[in-house]
Amino acid sequence: MSFSPPLPTPIRESAPSSADYRPLADGAAVPSRLLAAMAYDQDQTVLQLEFRDRAVYQYFQVPRQTYQDLLRADSKGAYFNRHIRNVFHCARLRAR
């Protein structure tokens with residue numbers, strides 16, 4: 001008789017929805033053609049970005065240094081595309 005360990009159950013079977021996450025306090029407006037505002041929760045390491053099209057996303061397990069580098073970046077859109085997009089897990093919250 002052979003024994004097969006049970007298959008692990010997935011943590012999530014579907015993509016996160018806006019009901020799964022709380023929006024952070026309104027973020028600070030930023031000078032950018034891509035981003036309108038950003039906020040960061042240091043305790044949760046969550047970066048919240050509002051885009052110019054009013055879509056709001058949260059990015060998870062983002063180091064504080066990444067947030068600070070984004071704030072200081074000459075081109076926030078270029079920094080986002082190179083260092084955040086497709087690097088950190090995210091969830092769309094809503095459009096404002």
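A word on what we are looking at. This is a predicted model, where local features need pLDDT of at least 70 and side-chain atom pairs count only at pLDDT 80 or more, while totals for chains, interfaces and linings use all residues. Residues are numbered from 1 along each chain as its sequence is written, and side-chain values use heavy atoms, with hydrogens and water left out.

Now the overall layout. The chain has 2 helices and 5 strands, and from the N terminus the order is β-β-β-β-α-α-β. Helices here are DSSP runs of H or I with at least four residues, strands are runs of E with at least two, and both are numbered from the N terminus. Of the 96 residues, 34% count as buried, with buried meaning under 20% relative accessible area, exposed over 50%, and partly exposed in between, using a 1.4 Å probe and protein chains only.

On to the two helices. The axes of α1 (residues 64-72) and α2 (residues 76-83) come within 8 Å and cross at roughly 150 degrees. That makes α1 roughly antiparallel to α2, the label for angles over 145 degrees, whereas under 35 is roughly parallel, 65 to 115 roughly perpendicular and the rest oblique. The axes are lines fitted to C-alpha atoms over the stretch in contact, with angles from 0 to 180 degrees between N-to-C directions. From α1, the contact uses T66, D69, L70 and L71, and from α2 it uses K76, Y79 and F80; contact means heavy atoms within 4.5 Å.

Let me zoom in on F80, in helix α2. F80 is buried, with a relative accessible area of 4%. Leaving aside residues up to four places away in sequence, F80 touches L34, L49, F51, Y59, L70 and R85. F80 and L35 are 45 residues apart in sequence, yet 9.2 Å apart in space, C-alpha to C-alpha.

Over in strand β2 we find Y40, which counts as buried at 15% relative accessibility. Not counting residues up to four places away in sequence, the contacts of Y40 include L24, V62 and Y67.

Last, two residues with an interesting backbone. Most residues other than glycine have a negative phi. R54, in the loop between β3 and β4 (55-60), has a positive phi near 80 degrees, and counts as partly exposed at 45% relative accessibility. Q61, in the loop between β4 and α1, has a positive phi near 60 degrees and is exposed, with a relative accessible area of 64%.
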